[in-house]
Amino acid sequence: MSGENHLRTDMQPIVQALIEKGRDVTMGQLDLLLPKREFSSTDIEDIMAALADHGIHIAE
């Protein structure tokens, strides 16, 4: 099952933009895109799974 199936509606454009760039991202870049007050740790894990499903690696 794809990680994208669990994404909140407001997370989908962020994930899609990262997928379209087609390059790896850092946790710092992800933090800038996803303010902690709006996204839970579970939401962030879902985003990371969706990116991994598309071959996007998240570096520390």
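This is a short tour of one protein chain, stop by stop.

**Before you start**

The model is predicted: local features need pLDDT of at least 70, side-chain atom pairs count only at pLDDT 80 or more, and totals for chains, interfaces and linings use all residues. Residues are numbered from 1 along each chain as its sequence is written, and side-chain values use heavy atoms, with hydrogens and water left out.

**Stop 1: the whole chain**

Show the chain as a cartoon. You will find three helices and two strands. Here, helices (H or I, at least four residues) and strands (E, at least two) are DSSP runs, numbered from the N terminus. Trace the chain along its sequence, and the pattern reads α-β-α-α-β. The radius of gyration is 10 Å, close to the 10 Å that the globule rule gives for 60 residues, so the chain is as compact as a globular protein of that length. That radius is taken over C-alpha atoms, and the globule rule is 2.2 Å times the number of residues to the power 0.38.

Along its principal axes, the C-alpha trace spans about 25 × 25 × 15 Å.

**Stop 2: surface and contacts**

How much of the chain is buried? Buried residues make up 32% of the 60 residues. Buried means under 20% relative accessible area, exposed means over 50%, and partly exposed lies in between (1.4 Å probe, protein chains only).

Next, think about contacts, meaning heavy atoms within 4.5 Å. Take the contacts with a separation of 6 or more: residues 24 or more positions apart account for 72% of them.

The mean positions of the 5 positive and 11 negative charges are 8 Å apart. Lys and Arg count as positive and Asp and Glu as negative, while His and the chain ends are not counted. Each charge is placed at NZ of Lys, CZ of Arg, CG of Asp or CD of Glu.

**Stop 3: helix α1**

Select residues 12-21, which form α1. Which residues of α1 are buried? They are I14, V15, L18 and I19. Seen down the axis of α1, its buried residues fall within an arc of 130°, so they line one face of the helix. The arc is that of the directions from the helix axis to the C-beta atoms. An α-helix has 3.6 residues a turn, so residues three or four places apart point the same way.

Now turn to the other side of α1. P13, E20 and K21 are exposed there.

Q12 is partly exposed, with a relative accessible area of 38%. Draw a line from Q12 to A50: they are 38 residues apart along the chain, yet their C-alpha atoms are separated by 9.5 Å. Then step off the end of the helix. G22 follows α1, and its phi is positive, near 65°.

**Stop 4: R8 and D43**

Select R8, in the segment before α1. R8 is partly exposed, at 29% relative accessibility. Which residues does R8 contact, leaving aside neighbours within four places in sequence? E38, F39 and D43.

Jump to D43, in helix α3. D43 is buried, with a relative accessible area of 10%. Not counting residues up to four places away in sequence, D43 touches R8, M11 and E38. The C-alpha atoms of R8 and D43 are 7.6 Å apart, although 35 residues separate them along the chain.

**Stop 5: along α3**

Stay in α3 and select E45. Is E45 buried or exposed? E45 counts as exposed, at 53% relative accessibility. L34 is eleven residues from E45 in sequence and 12 Å away in space, C-alpha to C-alpha.

Finish at M48, in helix α3. M48 is partly exposed, at 29% relative accessibility. Leaving aside neighbours within four places in sequence, M48 is in contact with M27, L30 and I58. I58 is ten residues from M48 along the chain, and their C-alpha atoms are separated by 7.4 Å.
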